[in-house]
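Open your viewer and get ready to select a few things one by one. This short tour tells you what to click next and what you will find there.

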Protein chains: 4
Amino acid sequence: MPQARRKICIVVTSRASYARIRSALDAIVSHPRLELQLVVAASAVLARYGSVVDCIRADGFHIDSQVYMVIEGENPVTSAKSTGLGLSDLATVFDQLRPDVVVSIADRYETLATSIAASYMNIPLAHIQGGEVTGSIDEKVRHANTKLADLHFVATRRARRFVIRMGEDPACVFRTGCPSIDLAAKVLRGATLDGGAARGVRGVGRPVDLTGDYLVVLQHPVTTQYDQARAQATETLRAMATLRMPVLWFWPNADAGSDGTSNAIRHYREGAHAEPMYFVKHVDSMKFLRLLLDSRAIVGNSSVAIREASFLGVPAVNLGERQRGRERGRNVIDVPHDRRAIVDAVRRQCDHGRYPPDRLYGEGDAGTQIADHLATAALTIDKQISYVDDRARVQRPARRRQAVLAGG
Amino acid sequence: MPQARRKICIVVTSRASYARIRSALDAIVSHPRLELQLVVAASAVLARYGSVVDCIRADGFHIDSQVYMVIEGENPVTSAKSTGLGLSDLATVFDQLRPDVVVSIADRYETLATSIAASYMNIPLAHIQGGEVTGSIDEKVRHANTKLADLHFVATRRARRFVIRMGEDPACVFRTGCPSIDLAAKVLRGATLDGGAARGVRGVGRPVDLTGDYLVVLQHPVTTQYDQARAQATETLRAMATLRMPVLWFWPNADAGSDGTSNAIRHYREGAHAEPMYFVKHVDSMKFLRLLLDSRAIVGNSSVAIREASFLGVPAVNLGERQRGRERGRNVIDVPHDRRAIVDAVRRQCDHGRYPPDRLYGEGDAGTQIADHLATAALTIDKQISYVDDRARVQRPARRRQAVLAGG
Amino acid sequence: MPQARRKICIVVTSRASYARIRSALDAIVSHPRLELQLVVAASAVLARYGSVVDCIRADGFHIDSQVYMVIEGENPVTSAKSTGLGLSDLATVFDQLRPDVVVSIADRYETLATSIAASYMNIPLAHIQGGEVTGSIDEKVRHANTKLADLHFVATRRARRFVIRMGEDPACVFRTGCPSIDLAAKVLRGATLDGGAARGVRGVGRPVDLTGDYLVVLQHPVTTQYDQARAQATETLRAMATLRMPVLWFWPNADAGSDGTSNAIRHYREGAHAEPMYFVKHVDSMKFLRLLLDSRAIVGNSSVAIREASFLGVPAVNLGERQRGRERGRNVIDVPHDRRAIVDAVRRQCDHGRYPPDRLYGEGDAGTQIADHLATAALTIDKQISYVDDRARVQRPARRRQAVLAGG
Amino acid sequence: MPQARRKICIVVTSRASYARIRSALDAIVSHPRLELQLVVAASAVLARYGSVVDCIRADGFHIDSQVYMVIEGENPVTSAKSTGLGLSDLATVFDQLRPDVVVSIADRYETLATSIAASYMNIPLAHIQGGEVTGSIDEKVRHANTKLADLHFVATRRARRFVIRMGEDPACVFRTGCPSIDLAAKVLRGATLDGGAARGVRGVGRPVDLTGDYLVVLQHPVTTQYDQARAQATETLRAMATLRMPVLWFWPNADAGSDGTSNAIRHYREGAHAEPMYFVKHVDSMKFLRLLLDSRAIVGNSSVAIREASFLGVPAVNLGERQRGRERGRNVIDVPHDRRAIVDAVRRQCDHGRYPPDRLYGEGDAGTQIADHLATAALTIDKQISYVDDRARVQRPARRRQAVLAGG
């Protein structure tokens with residue numbers, strides 16, 4: 001008798017989370033013992049954030065459900081309310097899809113909606129990219145996700161150690177690398193940017209010659225300091241003006257405070273500047289990575305500068321506290337949100353040039369590994385913190401864990 | 001210039017959570033540097049669960065906001081949806097009250113609504129009763145609360161060690177004991193049950209003579225096995241019938257699956273039984289503790305049997321997996337949901353009689369300690385996992401933590 | 001080329017709304033040009049209200065979606081919040097089902113969730129039982145439903161006149177009769193109550209001999225006076241005690257204030273009464289109608305006393321304001337919530353005995369008629385109030401109505 | 001003993017609804033027997049729609065509560081979901097504020113959230129601007145609001161007749177005129193546009209000389225045809241290009257489909273055009289009316305062209321179906337969304353020049369009248385359709401209406 005395929009439900013909530021799962025989606029779809037259920041939610045269904053849902057469809061994936069859950073306001077109150085709405089609606093979705101495993105990705109605020117809906121509905125939960133360390137609310141969200149999850153697919157060796165130190169069962173924590181590295185590996189294997197790719201990048205401002213030297217900027221507002229977002233963006237804009245290099249600037253995502261960053265950019269665009277600066281709102285992940293690979297350096301506070309750029313060997317200037325604590329390769333220089341410090345660091349990185357590739361965040365096969373583990377791991381929901389502590393008297397557990405569905 | 005008092009917002013979501021915070025409420029109200037903001041939510045506002053909100057008012061507390069958030073259905077889907085609704089509504093409430101600290105209590109499913117609303121709104125979050133270990137969904141909820149919280153008030157020394165091992169800053173983890181023990185201490189200092197207290201207990205079934213021997217039963221359904229709730233309750237009912245002792249049975253709370261337990265009880269009541277068995281739905285915490293103190297033993301799967309009963313020295317028979325992993329004193333015998341095992345254990349406990357008081361869960365001054373820490377602790381929201389790991393290269397943080405409001 | 005069948009989505013939200021649509025469901029399922037999409041929501045999915053969803057499945061209907069939307073509290077605040085939640089969730093459901101027509105039934109508070117979701121999503125909306133006149137919030141809900149609906153299936157000739165006077169296009173208002181009369185017609189064609197049916201009625205209290213004389217009571221709380229619900233129920237209970245006739249009392253539904261009625265009943269049951277009184281919570285509609293047919297009279301404030309009972313010729317005593325304004329046949333005597341008035345009226349009705357059947361609310365073929373109209377009516381969403389008013393200058397409309405989907 | 005002032009809770013949900021109530025707010029604040037409770041919700045709290053909430057504060061009003069309820073997506077699904085969220089949250093707000101009357105304004109989709117929350121919570125509801133006739137979903141929303149409301153403040157004599165024909169009690173329907181006319185009257189009494197006002201209008205594009213000739217354009221997407229919004233906007237843009245007159249174009253509001261209009265405008269701006277065209281997103285209502293007064297004509301589909309412009313005597317060219325059925329003065333020429341028809345009509349209107357003022361929509365004292373009625377009207381919630389119909393037998397009502405709070 002043939003065994004039923006496990007239904008793996010993945011909730012994609014933003015462009016970034018799609019980039020961080022895309023190679024795993026491919027691997028799941030082509031795995032003989034898995035069936036993909038794809039839910040697209042939050043900013044990923046919105047035109048204002050580039051209709052990621054359309055990209056996903058264009059990439060050939062069938063979408064099982066779309067969830068509108070972003071309450072307008074882009075402030076801390078609406079972050080909380082949006083998560084509440086998403087939690088309510090995802091419960092309805094999971095009730096209809098009845099997946100065997102739900103997968104929650106990384107650490108954006110709305111990921112807790114996915115994780116809580118699955119946990120409360122007794123569906124085994126897998127979490128991608130736990131165990132990393134950063135600043136901001138992401139830090140809390142990421143580790144709360146870890147404590148709700150039953151399976152963990154982490155990017156680095158340290159991340160695995162940290163997840164285990166938080167009390168997770170080592171048998172359930174897999175160091176697969178980050179699926180976003182799989183895309184970088186694909187780009188690295190491919191050719192440099194062709195004309196077609198360049199033409200496909202739409203934005204505003206003075207277009208940059210992509211066959212020459214240019215910088216990439218990607219700067220997010222920091223939610224716990226969201227009123228400072230504008231000042232921080234302005235500092236970067238001024239540093240770019242001083243550097244007199246062409247700049248490809250990628251617009252921030254839908255976090256609270258993005259208005260601050262956007263306003264700074266809008267204000268800047270009204271002034272007159274010597275060098276071309278081109279502002280791009282949404283771009284396909286693969287295309288972005290190709291543009292990154294050909295750039296002189298990346299500047300900003302995105303994890304891309306640390307994660308994908310280290311694998312690609314692109315020099316990075318990381319700004320401020322947002323990535324504080326995240327492991328980094330040799331390609332990163334950390335500076336505060338200060339115009340002069342940014343200028344100095346970018347110059348040093350341009351002098352240095354390309355770094356050797358770093359395997360810190362994965363070997364480029366994370367997607368396949370994740371699919372294999374999802375197909376074979378024992379699925380359980382009844383975990384317990386696994387600290388040994390001889391000083392306390394506790395009930396000897398009859399069984400450490402209840403098998404919900406035995407793999408293999 | 002006089003300093004503004006810190007506004008401490010406490011969200012009470014059930015009868016149990018009120019019992020676990022009541023002494024702290026008293027201490028906060030009478031603290032010169034604190035101001036209490038009291039939000040009553042979830043089952044605590046519902047008549048079906050005994051209108052805890054009325055008890056709170058009768059105890060003299062002013063209620064700032066009531067939140068209706070329980071979506072009917074009592075199943076895993078509605079647990080998730082209710083939490084989503086609560087999250088959305090609590091965000092609105094916190095936006096109006098603008099507290100300096102929010103306090104989330106223990107590990108019921110809806111507590112994550114409180115914790116997420118506060119975290120996402122950049123309000124420092126204190127969590128009560130982290131670091132304990134149990135079975136069921138509570139385990140996940142409790143530790144997720146810990147990873148969202150900035151201050152931790154834990155009951156036992158082991159709980160403090162565990163919270164720190166999960167990556168929390170030791171300077172923010174306070175072993176205050178559990179405030180529920182404060183009530184037990186008060187009861188222990190007082191007289192035995194007077195006639196007035198006995199008369200105040202309303203229920204159904206054949207009333208028990210409270211001046212004689214009787215057992216207390218308190219049995220909750222286990223959410224991850226909610227279809228087994230009825231079978232488990234039936235096993236306990238049969239054990240009681242075999243024991244032929246008067247029984248004071250306290251009705252389960254509003255978890256998914258409570259219908260299973262309720263149905264078993266209703267079915268039992270239609271049969272004929274030799275000894276009096278009295279089913280009580282809602283009772284004031286103090287009164288309950290007095291009844292517990294005078295009982296021969298407590299049977300069931302409530303944490304009361306482990307926590308308050310150990311302090312009171314009341315023998316306890318703990319059933320099944322729900323309290324698996326929770327630290328326990330000498331007063332507890334663990335048995336499976338099996339009629340014979342229950343009967344044997346109860347008999348052994350009755351033979352043994354009262355145990356010496358155990359300070360495992362606190363000394364009886366948790367409320368005062370919590371109020372003092374809330375008044376003086378440095379309030380921060382920008383925490384980071386505090387593991388030392390020399391093998392990884394990370395950004396050297398400019399400051400470990402940003403002070404939101406400096407204490408004292 | 002065969003034409004696609006129209007997808008008719010019907011939202012059932014309570015036991016009563018199921019009874020009022022059941023014969024139409026049958027007719028839709030067996031209609032060659034219609035496809036039924038069945039959504040069960042609100043109290044109809046809850047065990048506490050008799051799991052109507054299970055009855056519907058047992059009757060052989062496939063359920064496309066279940067919606068949990070009742071927020072506990074049973075008060076005016078939660079009525080509003082539940083409707084809001086239902087509106088949000090039904091929008092998601094309609095987005096998935098993509099029906100050609102949505103059908104909203106009668107006038108319970110949650111029906112506006114159905115009607116708004118459909119209207120705002122540009123789905124043609126049909127409303128059942130518009131144009132009737134009653135007291136209470138139902139009055140507002142019913143007519144608001146009418147103003148949102150594009151097609152109207154009304155029960156009486158007066159209802160049709162009234163819907164048209166409210167500005168609806170006469171071509172869209174069909175007097176089909178009420179589908180609940182179809183069930184009554186079926187019962188009337190059948191035999192009197194057999195033993196099997198009697199045995200199937202489960203309740204509490206002293207069982208009534210269903211082969212002898214008995215009264216049926218069905219009394220709902222009135223939402224705009226919900227604190228008076230208990231007093232009104234008590235008055236009826238006392239009247240029954242005075243009458244010394246066996247009583248079959250059917251429990252109220254899930255409106256705000258039902259606790260008042262329930263408490264009165266619970267309190268009464270603790271006293272001692274001469275005649276048998278049996279309290280029934282949930283009963284199948286067909287069985288209920290058979291019991292009604294065999295009773296001496298029906299007492300209360302349900303529309304059943306006016307609607308189905310007039311067709312069956314069962315004498316009715318209608319209490320208070322709840323049915324104020326509703327058309328009635330000769331079988332009804334109206335009295336206030338006053339013990340003596342109730343007693344007198346019941347005695348008069350028992351003396352009078354059975355009335356001749358009245359076709360006021362339909363001929364018994366409403367379900368078939370509704371299905372036929374749903375299959376053939378022109379479907380539009382762009383209606384406009386159709387008053388002629390020569391005194392005002394308005395734009396001459398290019399077209400009176402835009403055909404969304406041409407029938408036939 | 002002094003009488004308590006009636007608490008009048010007004011829910012403002014957009015810039016337009018603020019303009020339509022502003023003079024009433026003034027009158028309520030200064031009325032000795034009224035107390036204003038102001039709730040600002042939906043697009044009125046969002047920066048993206050010009051932070052109306054800040055304008056309201058700048059005008060000196062105290063805001064009691066802000067409600068975030070707009071779910072991103074700008075499509076029919078999110079219109080429904082946003083209304084559901086708003087309904088849930090407004091219920092919480094009303095529960096805290098406990099108003100004596102709630103006021104719902106006009107016919108935007110989210111107004112039903114206000115009306116349902118108030119009705120279901122047994123709070124007397126007043127509705128502004130009922131009885132008018134238009135196309136689109138507004139038509140359904142407006143009349144549904146009427147059927148939920150207890151008091152009606154209408155703009156025109158025909159509107160009063162229509163509200164009464166829909167079954168409302170004539171004693172509760174007051175023809176006060178529209179408060180938006182009060183602002184127009186104020187502007188008419190004042191001077192023409194001074195330099196200060198002109199400088200305060202911020203937008204994008206080539207600025208228009210406001211001392212010379214210019215046209216005003218204000219064009220909304222039509223929700224039931226939201227995919228056509230772009231085509232319709234393009235037609236108007238081309239007509240403007242043909243006319244070669246300076247244009248002041250006001251951006252559409254937050255309806256479903258506004259992206260279509262916005263995209264057309266953005267696309268147009270990238271082309272090159274002879275005459276200055278200036279696109280303004282948000283402007284204070286008073287300033288807008290001054291700009292309108294000084295313009296040669298207004299073009300578009302806004303009710304402003306019909307309502308305020310008729311009072312001001314400004315020639316108007318009304319496009320398409322959106323205002324179909326609304327009463328209009330002599331200042332309006334109706335044309336389809338066709339470039340040539342638009343060009344012709346604008347030329348005819350420019351040739352004609354200013355019209356004499358028309359009192360169709362009010363005399364300019366609506367705010368004061370509304371405040372006076374709110375202070376003195378008998379407040380009831382238990383209305384019933386008031387048709388006389390001798391052909392039917394109904395219960396003779398004991399009292400036509402229950403006084404909740406007697407005025408005076």
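Show chain A and chain B together: 22 residue pairs are in polar contact between them, both residues at pLDDT 80 or more (a polar contact is a pair of N or O atoms within 3.5 Å, where one must be able to donate a hydrogen and the other to accept it, and residues adjacent in sequence count only if both atoms are side-chain atoms). Now colour the side of chain A that touches chain B: helix 4 (76-97), helix 5 (111-120), helix 6 (136-148), helix 7 (157-165) and strand 14 (332-335) of chain A each supply at least two residues. Helices (H or I, at least four residues) and strands (E, at least two) are DSSP runs, numbered from the N terminus. Helix 4 of chain A gives the most, with 12 residues.

Next, pick A:D150 and B:K140, whose side chains form a salt bridge at 2.8 Å, N to O (a side-chain nitrogen of Lys or Arg within 4 Å of a carboxyl oxygen of Asp or Glu). Four salt bridges cross this interface.

This is a predicted model, where local features need pLDDT of at least 70, side-chain atom pairs count only at pLDDT 80 or more, and totals for chains, interfaces and linings use all residues. Residues are numbered from 1 along each chain as its sequence is written, chains are lettered from A and ligands numbered from 1 in the order in which they are written, and side-chain values use heavy atoms, leaving out hydrogens and water.

Finally, move to strand 13 (residues 316-319) of chain B, where B:A316 and B:N318 on one side and B:V317 and B:L319 on the other are all buried (under 20% relative accessible area, 1.4 Å probe, protein chains only).

Note on methods: Buried means under 20% relative accessible area, exposed over 50%, partly exposed in between (1.4 Å probe, protein chains only).
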